[in-house]
Amino acid sequence: MVKIGNIELGEFPLLLAPMKDINDPAFRKVIKPFGADLMFTEFISSEGLIRNAFKSTRKLIISDEERPIGIQIFGHDIDSMIRATELAEEAKPDLIDINYGCPVRKVVNKGAGAALMKDVYKMIEMTKAVVRSTSLPVTVKTRIGWDDKSKNIMDIAERLQDTGIQALTIHGRTRAQIYRGTADWTLIGEVKNNPFIKIPVFGNGDIDSPQKAAKMKERYNVDGIMIGRGSIGNPWIFSHIKEYLDKGILLPAPEIKERVSICKKHLLLSVELKGERTGVLEMRKYLNGYCKGMKNFKPYKLALLQTFTFAETEDVLNKIEEQFLNL
Ligand SMILES: Cc1cc2nc3c(=O)[nH]c(=O)nc-3n(C[C@H](O)[C@H](O)[C@H](O)COP(=O)(O)O)c2cc1C
């Protein structure tokens with residue numbers, strides 16, 4: 001049984017990766033029934049939180065049906081991170097996750113996210129401070145290093161563990177790679193198999209099929225897998241991976257009717273959460289995933305990109321369903 005503090009996550013947990021502008025409550029509520037064992041909010045700026053910026057505080061909204069859930073925070077200033085941890089705890093998540101992996105220039109130029117991989121002393125001090133300032137378990141998500149010449153995850157992992165964090169997720173890319181190339185899980189496996197590492201180690205990067213998940217599980221012996229992009233518009237990836245790992249069964253993509261129904265549920269949640277116009281517009285980033293592999297989808301896709309109301313969008317989705325039922 002993999003555990004983070006008192007949170008029991010099963011034998012081989014599948015985690016939903018934190019994703020900015022993707023992991024809102026609507027997306028998470030769609031994902032959860034498919035078997036994500038632990039989910040995260042998108043990263044939340046500690047500076048935004050302590051200034052009570054609406055853009056940041058609204059990301060703290062979580063509900064019981066999403067549990068267990070972690071709130072992810074990032075920042076460059078230790079005092080701000082302490083205060084942000086306290087504010088995040090008030091939202092009653094199950095754990096606090098620190099982001100030491102974000103590669104975005106705006107973030108690293110301020111010394112936050114992956115920039116801390118270049119300042120390990122500060123990273124450790126920051127982590128100790130966060131761990132001390134909450135009664136919740138603290139976890140960390142990071143990368144294998146800053147660039148090709150400084151893949152320091154082995155060193156960082158042991159030192160992070162000593163701060164009292166209770167799990168570590170490693171994305172198998174360097175900051176320099178951003179999202180380019182392929183994730184290299186070799187170092188993730190080495191960290192996992194380091195006899196000094198006792199906390200759960202989760203692998204992350206490029207998991208987009210049950211077979212790939214099974215391969216990484218077997219090859220690198222990780223305690224669980226975190227899935228990001230592979231889940232966008234494809235929430236059933238979680239149940240499909242579980243079915244494959246447990247029973248060796250490779251499930252086909254859901255029927256169009258089911259996909260449209262999941263998409264409609266997502267649309268409704270999105271509109272409830274953000275209001276009609278924003279809720280509809282923000283659905284666009286998930287539609288490709290939901291409709292992946294559908295034949296003759298292009299005209300419908302174009303139509304979906306021109307809808308602005310719930311009714312219009314639902315109408316196109318109904319037409320997609322009809323067209324495929326009539327094939
Ligand atoms: C749109 C997008 C937003 C992301 N936002 C975050 C974030 O807020 N916090 C974080 O730790 N990682 C973030 N990531 C990185 C993912 O959590 C994950 O590490 C990365 O996408 C690799 O996993 P994947 O190949 O399964 O997508 C983001 C990735 C994407 C594509």
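Analyst: Asn 52 is exposed, with a relative accessible area of 59%; here buried means under 20% relative accessible area, exposed over 50%, and partly exposed in between, with a 1.4 Å probe and protein chains only. This is a predicted model, in which local features need pLDDT of at least 70 and side-chain atom pairs count only at pLDDT 80 or more, while totals for chains, interfaces and linings use all residues. Residues are numbered from 1 along each chain as its sequence is written, and side-chain values use heavy atoms, with hydrogens and water left out.

The backbone at Asn 52 has a phi near 60 degrees, a positive value in a residue other than glycine. Asn 52 belongs to the loop between helix H2 (46-50) and H3; helices (H or I, at least four residues) and strands (E, at least two) are DSSP runs, numbered from the N terminus.

Asn 221 also has a positive phi, of about 60 degrees, although it is not a glycine. Its place is in the loop between helix H9 (210-220) and strand E11 (224-227). Asn 221 is partly exposed, with a relative accessible area of 42%.

Another backbone feature is the cis peptide bond between Arg 67 and Pro 68, where omega is about -5 degrees. Pro 68 is found in the loop that runs between helix H3 (54-57) and strand E6 (69-74).

A polar backbone atom of Lys 20 is 2.7 Å from a nitrogen atom of the ligand, and a backbone N or O atom of Asp 206 lies 2.7 Å from an oxygen atom of the ligand. A side chain contributes as well: a polar side-chain atom of Asn 99 is 3.1 Å from a ligand oxygen atom. The protein covers 87% of the 610 Å² of accessible area that the ligand has on its own, where accessible areas come from the Shrake-Rupley method with a 1.4 Å probe.

In total, 17 residues surround the ligand, and the closest include Gln 72, Asn 204 and Arg 229; a residue is counted if one of its heavy atoms lies within 4 Å of the ligand.

The contact between them (heavy atoms within 4.5 Å) takes 14 residues from domain 1 and 13 residues from domain 2.

Key. A polar contact is a pair of N or O atoms within 3.5 Å; within protein, one must be able to donate a hydrogen and the other to accept it, and residues adjacent in sequence count only if both atoms are side-chain atoms.
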